[in-house]
Amino acid sequence: MSAPFHLAAASLRLERRLVFLLVAAVTLTAALVVPTELLSHAGLRLEEIPSLAGAIALSDAAQGPSEAQQRTLADLLQLLRTLGWTALGVTSLTILSLYTVSSTRRSHELSIHRAVGASRRVLLATLLVEALAVAVAALLLGMLAGRMALAAGLATWPGTVGVARPWPWAAGGVLVLLVIVGRLLPIHIARGRDVPERDEHVVNLWVPMVQFGTSLALLVAGSALVTGSAPQRTRVTPDSSGVLVALDASALDAPARSHFFAALLQASLAEGVAQPSLASAGQPLGLGTADFLTTHCGMCYRSGIFLEYEQTVAVHHTVSPDSFAANHVPLLSGRTFAKSDTLGAARVVVINRQLALRHFQPGDPVGRRLFLSDGFPGHPYTVIGIVDDGTPATFGAAHQPRPRVYLSSLQQPPERAELLLRTTGAPQRARVLARITGLAASAGARTAAPRGEATYRAGAIAPARWLGRWALFAGVVLVLVSAAGLSSTMWRWVASLEGELALRRAMGARRRAVLWFVGWRAGLVAVAGVGVALVVLGTIVFPVFAESLRGVPLWQPRTLGVAGVALGIVSLASALVPARRLARVAPAGHLS
């Protein structure tokens, strides 16, 4: 019974390089699959952003800003999970490639054992012991590393965390099965007691091309999320003294809220604050409550029918007179809100360019009517202005419709709002904040601790950067695993060309010509791998990111170039090193 263990131990010592590469590949994959599987079931949530409750009547289909963020989070977590299983697929190719490299030599060894009387049961047990030793060691290391990476990642998550689910045993089982199947290849070759002839089969290079391209594409995607959503890309005022104060006026009725908001704006202006903005929660970031509305389109042509009224879905915000200027949103036509646009005055709205062009008859919609979800046909609002669309790069904005409608915070006061104040220094900021706090206390409202505007805006894209680091980690793991598989496959490919190279040398080809023959084909693998990466990016990765992240530039030519060159060097070195060794041997030595 001890014979399989002794044979397995001897074999593992002889194949130290192979064992090291296998353990490294399986460990890295397990370290990626464990956290990506557990993250999708960890109950991650972001800070709640209130909807427009209290400002307008919302339909049952209304979607608040927090719901949009959770949808984006769910999509990207599912994408991370897909990356983990993609790494598992790439690792399976690498495992089989690594084992195939040694299969011919091991099959000769096993055939010799068979020829001297060893039973197939002993040989099978030997290979199983080898496979289990490699798989168990690698999985233990990988799961430990994955659990540590998960703990470190959850510690920096900009939100709340639920309870993690059990370990992803299915992924571990797949890795163990792959190692066992790969290790059993030699016994399939050595079926009889005769020593097999040398394998002259030429290795196909499509596997390293797929490994090369897939890993490169995912590395570029992760780099795009990290660098493309960096805080400096967000729209932050040059004045670092900007602060936001969250207001909770849910205890007040609508007239009291309107009076309270007007008093806040008046007090801010009296303290010398330029362009104070009082808006619904999330509006400075481009997030709002999505709901139905009906436009007095005029004569809009839809599917062969002229429509006078058209229903669509738009994001609803409330803003104060200076909100557009404070957020650098240019006015394109008409006017913005005035102090007189308050409760009891004619109901007015401002819309963005997208809503004006797509859901109103061509021309200037200023002066036309618009109805909110519950107001058709008896409670119209008059369009008084059109503003630019902007490109919200906030986490969750891509899951909100592009049409936007703005209501006056004094006319439709929300229960929760955010007051943006840009002061000229600490003394002025302290005075105005003290006055705001006093007004809120006297009115029966509550204020949260003020937050710096830069911190507020950077926190809005923090989830994207956090997920980007995981995607970058997945890309790095895939590149390392692919490099191992690429090197072994190219080495095996050159070995399969031994006879052809010997014939070329016998026919008078110089060593340089032989190396060129091998090198340009290895370079072609790198070029084809970059092509595969571009296909994966264009057809899979970029469309998924575009649906979940708006305003994030995904094209990363520097990352693509650096990683592509690195993998190309691995491909060339893995082919040229054995080719150079073969070219040094006399042709008769290969053909004999």
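Trainee: How many salt bridges does the structure hold?
Mentor: The structure holds ten salt bridges, each being a side-chain nitrogen of Lys or Arg within 4 Å of a carboxyl oxygen of Asp or Glu. This is a predicted model, in which local features need pLDDT of at least 70 and side-chain atom pairs count only at pLDDT 80 or more, while totals for chains, interfaces and linings use all residues. Residues are numbered from 1 along each chain as its sequence is written, and side-chain values use heavy atoms, with hydrogens and water left out.

Trainee: Why is the contact between Arg81 and Glu37 called a salt bridge?
Mentor: The closest N and O atoms of Arg81 and Glu37 are 2.7 Å apart, so the pair meets the 4 Å limit.

Trainee: What does the salt bridge of Asp248 and Arg416 tie together?
Mentor: The side chains of Asp248 and Arg416 meet at 3.1 Å, N to O. Asp248 lies in strand β3 and Arg416 in strand β12, so the pair ties together parts that are 168 residues apart in sequence. Asp248 is buried, at 11%, while Arg416 is partly exposed, at 36%. Together with Arg446, Asp248 and Arg416 are linked in a network of salt bridges.

Trainee: Why are the buried residues of α12 said to be on the same side?
Mentor: The buried residues of helix α12 (residues 453–460) are Glu453, Tyr456, Arg457 and Ala460. They cover an arc of only 90° around the axis, taken from the directions from the helix axis to the C-beta atoms, which puts them on the same side of α12. Two of these residues, Glu453 and Arg457, also meet in a salt bridge (3.1 Å, N to O), and being four residues apart in helix α12, they are separated by about one helical turn.

Trainee: Why is Val527 called exposed, and where does Val527 lie?
Mentor: Val527 has 56% relative accessibility and therefore counts as exposed; Val527 lies in helix α15.

Note on methods
Helix = DSSP H or I, 4+ residues; strand = E, 2+ residues; numbered from the N terminus. Buried < 20%, exposed > 50% of the residue type's maximum accessible area, 1.4 Å probe, protein only.
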